[in-house]
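I set out to look up the pockets and the salt bridges of this protein. My entries follow the order in which I consulted them.

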Amino acid sequence: MTSAASGGGSSAQAAEGALSIPQDAVFTTEQCEYVDDLKGLLTLRTRASLPFGTTLTSCSESLAVCLVPTKSADPLLQVGLLHLGSGNMTTALKASVGAEEGFQIFDARANGAGLIWLESNVLSGDWRVYSTTLDGAAVGEPILAAEGNGSWTLPSLAVSGGFAWWQTTPKEDGAPPLSCKNGEGEEVSQPALCRIAFGSTQDSAQASVTSPGGFACAPVPALGGIACAQKQSEKSKTWQLIFVSEEDGQITDQLTLPSTMKPMDVSYGPNGFGFSFDALYEFGDGMANLGTYVPAEEISLTTATATADVLAALEQQLSSGQKSSGLTDEDRAKAKAQGEDAVCELYSSAPWFRFPRAPITSPAFAGNWLFVKSTNVIAAVDLVERKYVTIPTESATQGYGEYLATSGTSDRIVTFANVDYTPMSGERINECTVRVWEPA
């Protein structure tokens with residue numbers, strides 16, 4: 001692993017900059033070989049047919065969450081769990097917990113450990129977040145995790161490990177505080193990324209990140225935690241990509257983007273941080289174009305590890321008598337800044353891949369493969385071999401075509417399409433077609 005301690009501890013300077021990618025360090029699909037046959041590259045593991053209009057999200061290798069429309073106005077949606085190995089769907093929620101109070105289910109996420117979902121009353125603006133444990137197809141009792149009113153945005157949801165996560169932002173000054181508490185035990189009134197262990201009660205909810213400057217996009221799952229993008233102050237013009245560990249809810253990695261560059265999505269795959277832009281910039285060299293960016297090689301150092309390297313060097317100086325006094329807050333701040341600089345330099349010197357289309361969803365990762373939603377198909381790019389294939393729709397679909405349900409890293413990638421057409425010889429096909437893929 002790369003060391004960040006080579007500069008010597010107490011002489012470290014404040015974090016100097018942001019990610020800078022030269023134009024010649026970035027390649028796109030134009031520099032990759034296109035393969036027109038999926039055979040030998042991706043294997044279709046499972047196929048499922050669900051009710052027309054169903055949408056899916058998948059954050060694990062075992063299941064996907066299905067938001068299934070009903071034929072009535074109440075409830076509008078039910079929550080199903082599609083088991084990726086068998087292709088069977090079980091119903092997790094037939095209606096919202098607050099159905100009698102006018103609440104409807106709006107969103108849900110799940111992994112093998114638990115389920116989190118959002119309910120809202122559109123007339124009052126009130127919302128509630130619930131979580132529960134999962135044991136295969138068995139669903140535990142709903143437990144209220146958080147609640148708010150129209151003074152807060154509807155939360156974005158995520159899951160990682162044994163925790164449910166949600167991110168929300170006050171719409172106005174004076175919004176009533178959230179019940180989740182920060183490190184000082186205070187209820188938060190700033191934009192926050194909160195988490196709770198599946199099966200725990202509302203009083204145990206914690207704010208892992210509070211961001212006075214707000215968040216750029218929804219949080220996404222990653223191996224071992226959650227990734228998101230924040231500004232540290234209201235006046236700042238700089239967005240930071242951060243990774244929050246599921247183990248302790250602490251920020252263990254971060255990367256600063258150039259000033260005013262705002263990501264539409266963020267990712268944290270096997271090679272580290274990625275991001276996407278839906279706009280062009282007149283500056284930024286290799287990252288001035290729109291698209292989805294990911295490093296093409298693994299960044300083997302995190303800011304937490306880099307900072308620890310610097311602090312270890314300082315401790316060595318203490319034990320050898322080169323440093324006379326103990327570590328100060330200034331030493332720790334400089335170590336953190338030097339660690340951040342070391343990681344940023346690694347990202348800035350790495351090769352990068354850009355998928356040159358306007359981003360639609362955050363990407364997914366499986367082995368060497370990057371999966372990205374592109375127009376009406378899914379593109380799968382082998383970042384090592386520099387070749388790519390597309391996963392097309394099988395028949396006439398709704399306007400978005402084949403959609404990427406998976407986010408984060410998984411050995412199984414879920415795609416779906418809502419199909420409504422009548423073939424020349426046959427009955428009308430009106431369904432949500434789901435396919436589960438694995439690298440060959």
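These notes concern a predicted model.

**Entry 1: largest pocket.** I looked up the largest pocket and found about 490 Å³ of space in it. Its lining comprises 25 residues, and T57, D107, R109, A405 and S407 lie nearest the centre. I then sorted the lining by class: 15 residues are nonpolar, seven polar and three charged. Strands that each supply at least two lining residues include β4 (55-57), β8 (104-110) and β29 (403-404).

**Entry 2: second largest pocket.** I noted a volume of about 290 Å³ for the second largest pocket. I counted 16 lining residues, with A207, S208, V209, T210 and I251 nearest the centre. Strand β16 (residues 206-210) gives the largest share of this lining, five residues. Here the classes are four nonpolar, nine polar and three charged.

I examined K336 and E340, whose side chains meet at 2.3 Å, N to O. The two are four residues apart in helix α2 (residues 329-349), and therefore about one helical turn separates them. K336 is partly exposed at 40% relative accessible area, whereas E340 is buried at 15%.

I next examined R435 and E402, which form a salt bridge at 3.3 Å, N to O. R435 belongs to strand β32 (residues 429-439) and E402 to the loop between β28 (387-391) and β29, so this pair ties together parts 33 residues apart in sequence. Both R435 and E402 are buried.

Last, I recorded R428 with D420, their closest N and O atoms 2.9 Å apart. R428 is exposed at 54%, and D420 is partly exposed at 31%. I also noted that shared partners join R47, E394, E402 and R435 into one salt-bridge network.

Technical notes. Residues numbered from 1 in each chain as written. Predicted model: local features only at pLDDT ≥ 70, side-chain atom pairs only at ≥ 80, totals over all residues. Heavy atoms only, no water. 1 Å grid on protein atoms, 1.4 Å probe; cavity = no way out; pocket = protein on both sides within 12 Å on 5 of 7 lines; lining within 4 Å. Points joined across faces, edges and corners; volume = space filled by probe spheres on them. Nonpolar A, V, L, I, M, F, W, Y, C, P; charged D, E, K, R; others polar. Salt bridge = Lys/Arg side-chain N within 4 Å of Asp/Glu carboxyl O. Buried < 20%, exposed > 50% of the residue type's maximum accessible area, 1.4 Å probe, protein only.
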